[in-house]
Amino acid sequence: MKPIPAITALAALVTASSALAFNQDELDGLLETNECFGCDLTGADLAGAQLADNYLVYTNFTGADLTGADLSDGFMGLTIMTDADFTAANLQRANLGGADLRGAVFQQADLTEATLSDVSASNADFSGGTLAGANLRSANLRAASMTGVDLSGADLTSALLSGAALGEANLEGATLVNAGLGDADLTDANLSGANLESADLDGAVLVDAVFCGTTMPDGTVNDDGC
Amino acid sequence: MKNMLVPAAAAAGILAMTVAATQAQDRMQEPGVVGSPPPQDFSLTVVTGENGEPVIEGESEFTLALGGYYRFNFVCPDAEEDQSGFHFEAPDLVANSHLRVYSVGDIELYIQGQTFRAIECDEAGSARFSFHPMRRGVYDLYVRDHSDPPQEAFGRVIVE
């Protein structure tokens, strides 16, 4: 038996089936009932869908199009949303705790007071979006694009933001205790009132970042920018 | 301060899958062996600072692959006695991992459906445990001394 053609054929089959995988019955059921537990909505077109107050725990949205969708107050813990597109979606107060958001796009999305604790969101794109008051405790945001994001009042305790692009981000009053900000770009970021106690800033770019009433990693308060 | 373990683990995984695919028909399962490749070691070394506080020496951040097989080594090269020893905890990591073997020196405990709360160094030495991380996440590692309030040092394990 020649193994390589068999493996190639298997890989092609898996790739093809993944791209077409969503279940139309489950999609129809979701649009009718606003609920779906553990559904497979891989690649589904849900652009502009009205799904406020939904219940979508464990659902797989890999590669789905949710641009402009209303998912506010939704309960979407432990969902898989890798490479899904949430551009300009409304996710206010949504619960995405423990979700897999790697590579997902949240440009201009509104995640005000959303729960994203323990999410895996490395390489996700939140640029231009709003995460004010959001819970991002222990979130993995490694290399995430967060340029211009409003993170005011957000809780980023123990979050990993190494290599993240946070230029011009508003982190006013944010909690970054024990956060990993190594090699993050914080150029022009507003860190007024932020708490960076025990945070790792090794290699972080802080050019023109604003410090006013900012608690630094060593516990001192930095008022240089007041 | 960061230790990237993923590439090696990923390469090992791909190799293992390829080997498995090509040799599955030829290879008999070996009873009693759940995972054939040996675990990949990583270490958190804690030394005593000037004021008796724990200080992490070397790597403090480790990136692991989901489902990989690892052996964590908690190393205390200069701990002396009960009052100055260090206490290690990683509650979220162990809660989201499948633990296999604990060992102190040459004594090994093979685990079946058990977990643990903490490791304490009251003398110089090391303890280790092998495990499979089972859930992606960012997990804090805490090291504290016995003072009140405790002096602390932090590490981090990232499972991707």
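Two residues are in contact, in what follows, if their C-beta atoms, placed from the backbone, lie within 7 Å. Good morning. I shall present a predicted model, in which local features need pLDDT of at least 70, side-chain atom pairs count only at pLDDT 80 or more, and totals for chains, interfaces and linings use all residues. Residues are numbered from 1 along each chain as its sequence is written, while chains are lettered from A and ligands numbered from 1 in the order in which they are written.

I begin with the confidence of the prediction. The predictor gives the complex an ipTM of 0.77 and a pTM of 0.82. The term pLDDT stands for the predictor's confidence in each residue, from 0 to 100. For chain B the average pLDDT is 81, and 78% of the residues score at least 70. Over residues 8-27 of chain B, however, pLDDT stays under 50, and for this stretch the model has 11 contacts beyond four places in sequence.

Let us turn to the meeting of the two chains. The contact takes 16 residues from chain A and 12 residues from chain B. On the side of chain B that touches chain A, at least two residues each come from α1 (6-23), β11 (137-144) and β12 (152-159) of chain B. Helices here are DSSP runs of H or I with at least four residues, and strands are runs of E with at least two, numbered from the N terminus. By class, this side of chain B has five nonpolar, two polar and five charged residues. In that count, Ala, Val, Leu, Ile, Met, Phe, Trp, Tyr, Cys and Pro are nonpolar, Asp, Glu, Lys and Arg are charged, and the others, Gly among them, are polar.

Next, the fold of chain B. Its secondary structure comes to two helices and 12 strands, and along the sequence these follow the pattern β-α-β-β-β-β-β-α-β-β-β-β-β-β. Among contacts in chain B with a separation of 6 or more, 75% are between residues 24 or more positions apart. How much of chain B is buried? Of its 160 residues, 26% count as buried. A residue is buried if 20 or more other C-beta atoms lie within 10 Å of its own, exposed if 12 or fewer, and partly exposed in between, with C-beta atoms placed from the backbone.

Six strands of chain B form an open sheet with mixed pairing, in the order β3-β2-β5-β10-β7-β8. Its edge strands are β3 (54-57) and β8 (107-110) of chain B, each of which pairs on one side only. Two strands pair if DSSP finds at least two bridges between them. Strand β2 (residues 40-48) of chain B is joined to β3(B) by four bridges, and the two run antiparallel. Within this pair, Val47(B) stands opposite Val55(B) in β3(B).

One backbone detail of chain B deserves mention. Asp148(B) and Pro149(B) are joined by a cis peptide bond, with omega about 0°. Pro149(B) has its place in the loop between β11 and β12 of chain B.

I now move to chain A. Helix α2(A) lies largely in the open, because one of its 10 residues is buried. Just after α2(A), Asn34(A) takes a positive phi of about 70°.

Two further residues have a positive phi although neither is a glycine: Ala88(A), at about 60°, and Asp118(A), at about 65°. Ala88(A) lies in the loop between α2 and β1 of chain A, and Asp118(A) has its place in the loop between α2 and β1 of chain A. Are these residues buried or partly exposed? Ala88(A) counts as partly exposed because it has 18 C-beta neighbours inside 10 Å. Asp118(A) is buried, with 26 other C-beta atoms within 10 Å.

Leu171(A) lies in the loop between α2 (24-33) and β1 (214-215) of chain A. Leu171(A) is buried, since 28 other C-beta atoms lie within 10 Å. Leaving aside neighbours within four places in sequence, its contacts are Leu151(A), Ser152(A), Ala189(A), Asn190(A), Leu191(A) and Ala194(A). Leu171(A) and Gly193(A) are 22 residues apart in sequence, yet 8.3 Å apart in space, C-alpha to C-alpha.

I close with Phe86(A). Not counting residues up to four places away in sequence, Phe86(A) touches Leu66(A), Leu91(A), Ala104(A), Val105(A), Phe106(A) and Ala109(A). Thank you for your attention.
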